[in-house]
Amino acid sequence: MRRISVLLASILLLAAGALATGSLSVSLSSLDAITVGDSTTLTATVSASGDSVSNTQVSVTLPSGLSTSDSATQSIGTLSSGQQSSKS
C-alpha cells in the first residue's frame, strides 16, 4: 500500500483593485498522509484586514498526481475587515 503526503505547490489570492488598502491572509487545514485512491478535504480560510477587498478568489495548485473533484479556483467575493471565508 503506497501512501502520498499532500503538499501544496502554491496558493494564489486575487483581489481586484484592493491590495493597496486592504490585505488578505490564508490558512490551510492540515492533512495527514492519504492512501492512493482515497479522498480527503482541504480547506482554505481567507481573512481580510484593513479596508474591504472585493472580487476575491483563492486558487490552489496541487502537486502532480493529485486532482480535485471541484474547481481549484473558488470565488470568495467581498470581505470586510475582520471577515473571513472558508472554501473546501
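**Strand pairing, core and pocket**

User: Which residue of β5 is the bridge partner of S27?

Analyst: The bridge partner of S27 lies in β5, which pairs with strand β3 (residues 22-28) in the antiparallel sense over seven bridges; strands are DSSP runs (E, at least two residues) numbered from the N terminus, and two strands pair if DSSP finds at least two bridges between them. In this predicted model, residues are numbered from 1 along each chain as its sequence is written, local features need pLDDT of at least 70, side-chain atom pairs count only at pLDDT 80 or more, and totals for chains, interfaces and linings use all residues. Side-chain values use heavy atoms, leaving out hydrogens and water. In β5, S27 is bridged to T45.

User: Which residue in β8 stands opposite A44?

Analyst: Strand β8 (residues 84-87) pairs with β5 in the antiparallel sense, over four bridges. Within β8, the residue opposite A44 is K87.

User: Is Q74 buried or exposed?

Analyst: Q74 is placed in strand β7, and a polar atom of its side chain lies 3.0 Å from the backbone oxygen of S71. Beyond its neighbours within four places in sequence, Q74 is in contact (heavy atoms within 4.5 Å) with T56, Q57, V58 and K87. Buried means under 20% relative accessible area, exposed over 50% and partly exposed in between, with a 1.4 Å probe and protein chains only. At 19%, Q74 is therefore buried.

User: What separation lies between the C-alpha atoms of Q57 and S75?

Analyst: Q57 lies in strand β6 and counts as partly exposed because its relative accessibility is 31%. Along the chain, Q57 and S75 are 18 residues apart. Their C-alpha atoms are separated by 4.4 Å.

User: Which residues lining the largest pocket are the closest to its centre?

Analyst: A pocket is an open set of points on a 1 Å grid over the protein atoms alone, where a 1.4 Å probe fits, with protein on both sides within 12 Å along at least five of seven lines; lining residues have an atom within 4 Å of a point. The largest pocket holds about 650 Å³, the space filled by probe spheres set on the points. Of its 28 lining residues, the closest to the centre are T40, L42, L62, S67 and T68.

Technical notes. A polar contact is a pair of N or O atoms within 3.5 Å; within protein, one must be able to donate a hydrogen and the other to accept it, and residues adjacent in sequence count only if both atoms are side-chain atoms.
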